[in-house]
Amino acid sequence: MTTESVQQPSEAQIAVHWREEEYFYPPASFIAQANGTDPGLFDRFSLENFPECFKEYADLLDWDAYWHTTLDTSNPPFWKWFVGGRLNACVNCVDRHLPSRANQAALIWVPEPETEATAAITYRELWRRVNEFAALLKGFAGVETGDRVTFHLPMVPELPVSMLACARLGVIHSEVFGGFSGPACGGRIADSGSKILVTIDGYYRGGELIDHKAKADEAVATAREQGVEIEKVLVWRRHPGVYSSKTPMVEGRDFFVDEILPEYRDALVDPVSMPAEAPLFLMYTSGTTGKPKGCQHSTGGYLAYVAGTSKYYQDIHPDDTYWCFADIGWITGHSYIVYGPLSLGTTSVMYEGAPTYPDPGRPWRIAERLGVTTFHTAPTTIRMLRKLGPDEPAKYDYRFKHMTTVGEPIEPEVWRWYHQVVGKGQAVIVDTWWQTENGGFLGSTMPALQPMKPGSCGPGVLGIHPVIYDENGEEVPAGSGKAGNICIRNPWPGIFETIWGQPERFVQTYYAKYNRDPKSTDWLDWPYLAGDGAVQAADGYFRILGRVDDVINVAGHRLGTKELESATLTVEEIAEAAAVPVIDELRGRAVEMYVALKPGLTPAVDEIEAKVTAAIEREIGKIARPKNVWIVPDMPKTRSGKIMRRVIAAVSNFTDIGDVTTLANPEIVESIQHKVQAAKLERGQSPIELTPEQIAEIQAFGSVE
Amino acid sequence: MTTEYLRGEVLLLLEWAQRVAPCCRGAENAVTALSREAQSGPVDDLSWVLERAVPIVEAWCWDSLAAGDAAVFRRRCQVAAALYDFGICSNLLARRGAESPGASSTIWRNGAWP
């Protein structure tokens with residue numbers, strides 16, 4: 001091995017810049033009470049026992065009719081789980097708990113104003129409210145099984161009530177995160193074909209009562225422009241009887257729920273027994289290459305999966321007080337505030353407002369007051385709480401037994417603060433990796449059986465068999481230090497069924513890349529492409545590196561565009577930088593840097609090129625050395641100022657630059673194209689003939705799905 | 001990764017910025033454009049959104065200070081600080097100036113060992 005190769009950082013180091021860490025083991029007190037203590041679980045969920053292993057998850061639910069086929073693969077990759085089975089999600093989350101825990105709190109809602117009382121909603125009360133709202137939806141709004149209903153609701157108890165009411169009726173709900181604008185909500189209404197919008201007049205955030213109803217009017221208008229007419233807007237009121245919005249109600253369209261509900265007092269609605277594969281909800285994710293993707297999640301498979309992962313990975317027990325500090329507007333909230341915890345009959349805490357309002361001690365006051373045993377949040381929130389109140393947890397008398405981190409990789413230093421300060425050294429941590437499309441966790445550690453390792457999410461969870469492939473579909477072995485695209489070999493019950501109304505996009509985005517035979521009905525031929533880069537250590541633990549679209553693969557080394565641009569911006573003279581890939585016959589892809597200098601500087605071309613190259617070598621490594629550094633007067637930008645990387649990537653690769661008429665500065669493109677391509681020809685870098693796949697890659701650069 | 005929630009937090013902060021924006025169409029439009037970008041672009045573009053949002057709101061702070069309006073100045077400073085803090089804590093923004101305790105995110109983004 002040469003000295004140079006020894007000094008090169010591994011790809012994992014390039015991407016995340018942290019070392020392999022030591023293991024942390026759970027305390028005996030945790031193991032003694034844990035749900036998952038039988039090592040035989042791993043054998044039962046091995047590939048040899050696939051797909052029947054997931055019966056163990058499905059058996060956590062109450063079924064109206066048992067299934068005859070565990071996994072139907074006849075129309076891949078549109079997998080169907082538990083075919084022939086029938087159930088109702090609301091019954092599983094509410095009704096079935098009534099005999100044993102009717103008076104136990106199902107939800108504890110903490111309003112943001114500390115002067116307002118916390119509300120505990122028992123399973124019986126939840127059952128009442130869900131029935132009444134289901135009756136209203138059916139009787140007043142006229143919704144029927146299979147219809148879609150859109151919610152634009154913040155973190156108020158009316159949100160889970162509305163979700164469960166839809167589930168009771170077999171109606172597909174689609175919650176749009178409360179912070180989204182009216183037009184964004186309208187686009188999702190139009191895509192789903194909802195005729196009913198459920199919203200609220202206002203909610204508290206950062207100490208203010210936010211006027212939310214105004215967005216409903218914009219949403220309805222946008223949906224109308226896109227061909228869908230909202231028939232009724234059902235408006236919950238944050239303070240029943242008091243309208244908190246300045247926006248007028250529209251006669252004949254907008255209705256206060258609290259005024260209509262008395263007509264349905266004590267109404268009971270028979271739950272609709274749904275086929276296991278019937279859609280339960282849509283969860284939209286944004287994409288830049290087209291309209292948002294409505295991820296369609298099933299009833300039986302999804303519910304079984306979130307119940308199973310909640311039991312074994314969240315280690316939820318019915319007598320726990322479980323707090324997932326997320327928003328139900330995202331998949332984490334659907335799976336791990338509502339459906340997972342309630343299906344297991346535990347008490348789930350919801351908090352309305354900003355994490356650090358009125359001060360960074362707020363979460364710990366809530367934990368102390370409610371006796372929270374299990375805490376679940378994201379690394380960004382952990383960093384925020386650490387930054388703003390590093391000593392706050394010690395001031396409060398709470399004791400967590402289990403903590404989760406979700407949403408992004410967590411740096412070991414932050415992990416240790418979470419463990420030592422928030423968890424007071426006594427709680428286990430499960431670091432989880434998954435996505436909106438997946439329904440539930442894909443990578444994590446089973447807390448009583450597998451040690452924690454800061455910075456790594458862990459191995460695949462029960463029944464999930466991840467694999468890392470390189471660009472050619474070759475498996476990247478564990479412990480090789482090589483990164484690649486993390487995929488899941490097998491289907492699982494929580495996987496979304498399709499993109500609502502866009503089945504081709506579903507196949508193309510998630511399965512086409514590594515599919516071995518489009519006609520095959522063998523699930524082994526259809527690995528699921530998660531879209532994240534990852535590296536697997538020798539112990540089988542995965543470290544997630546980020547979206548695959550953000551990297552340029554140079555001779556098998558995955559270089560993050562952000563890291564390249566950050567390194568370039570350390571050069572004092574540079575104001576803006578953009579990294580793009582150029583097809584290279586030797587290395588597959590090479591890096592080209594485009595830089596714009598700070599105003600008033602005269603470019604000394606050779607000097608700037610040398611400085612940029614040196615900065616990249618210093619910050620990342622020689623492998624990342626750019627093939628060319630182009631100094632340009634300005635970058636092609638959208639009207640809002642975003643650099644259009646696909647345009648400059650097309651210039652570097654001599655491909656069609658596409659439509660630039662919507663740019664703020666379309667004139668700059670021709671200037672850059674002329675200058676760069678002439679210089680490349682002068683340097684002997686003639687255009688090479690690109691394959692259709694390479695052309696597509698260049699055209700899609702910078703457009704993450 | 002389930003990073004969609006980052007988008008949500010940025011949107012809530014931009015909504016807050018809207019509420020303290022100067023009463024001129026240009027200021028509102030600037031934040032509206034950023035909100036639109038935050039709603040529709042890839043999560044990684046939130047860095048770009050925050051890089052622009054922070055100086056916009058900071059400029060409003062100076063405007064209110066110049067106008068002698070202490071109450072508005074305070075509110076705008078709260079928003080600017082919240083945007084910056086969130087950007088740092090989410091690793092979407094690089095930290096300014098000298099390192100301080102808990103500055104691992106900057107070191108991390110700059111590529112050195114923590």
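Author: In this predicted model, P55(B), W62(B) and A66(B) are exposed on one side of helix α3(B). The other side of the helix presents a contrasting picture. There the buried residues of α3(B) are found, namely L46(B), S47(B), V49(B), L50(B), A53(B), V54(B), V57(B), W60(B) and C61(B). Because these residues cover an arc of only 140 degrees around the axis, they lie on the same side of α3(B).

The helix itself comprises residues 46–66 of chain B, 21 residues in total. From its first C-alpha to its last, α3(B) reaches 30 Å, which is close to the 30 Å expected at 1.5 Å a residue. Just after α3(B) comes G68(B), whose phi is positive, at about 75 degrees.

Chain B contains five helices and zero strands, and from the N terminus on its elements follow the order α-α-α-α-α. Of the 114 residues in chain B, 47% are buried. Among contacts in this chain between residues at least 6 apart in sequence, 54% join residues at least 24 apart.

One pair of helices in chain B illustrates such an arrangement of elements. The axes of α1(B), residues 4–19, and α4(B), residues 70–89, come within 10 Å and cross at roughly 165 degrees. Since angles over 145 degrees count as roughly antiparallel, α1(B) is roughly antiparallel to α4(B). The crossing in which α1(B) passes α4(B) is left-handed. On the side of α1(B), the contact is made by E9(B), L13(B), W16(B) and A17(B); on the side of α4(B), it is made by V79(B), A82(B), L83(B) and F86(B).

Beyond α4, a further residue deserves mention. N91(B) is located in the loop between α4 and α5 (104–109) of chain B. Its phi is near 65 degrees, a positive value in a residue other than glycine.

Methods. Residues are numbered from 1 along each chain as its sequence is written. Chains are lettered from A and ligands numbered from 1 in the order in which they are written. This is a predicted model: local features need pLDDT of at least 70, side-chain atom pairs count only at pLDDT 80 or more; totals for chains, interfaces and linings use all residues. Helices (H or I, at least four residues) and strands (E, at least two) are DSSP runs, numbered from the N terminus. The expected span of a helix is 1.5 Å times one less than its number of residues. A residue is buried if 20 or more other C-beta atoms lie within 10 Å of its own, exposed if 12 or fewer, and partly exposed in between; C-beta atoms are placed from the backbone. The arc is that of the directions from the helix axis to the C-beta atoms. Axes are lines fitted to C-alpha atoms, for helices over the stretch in contact, and angles run from 0 to 180 degrees between N-to-C directions. Angles under 35 degrees count as roughly parallel, over 145 as roughly antiparallel, 65 to 115 as roughly perpendicular and the rest as oblique. A crossing is left-handed if the near helix is turned anticlockwise from the far one by less than a right angle, and right-handed if clockwise. Two residues are in contact if their C-beta atoms, placed from the backbone, lie within 7 Å.
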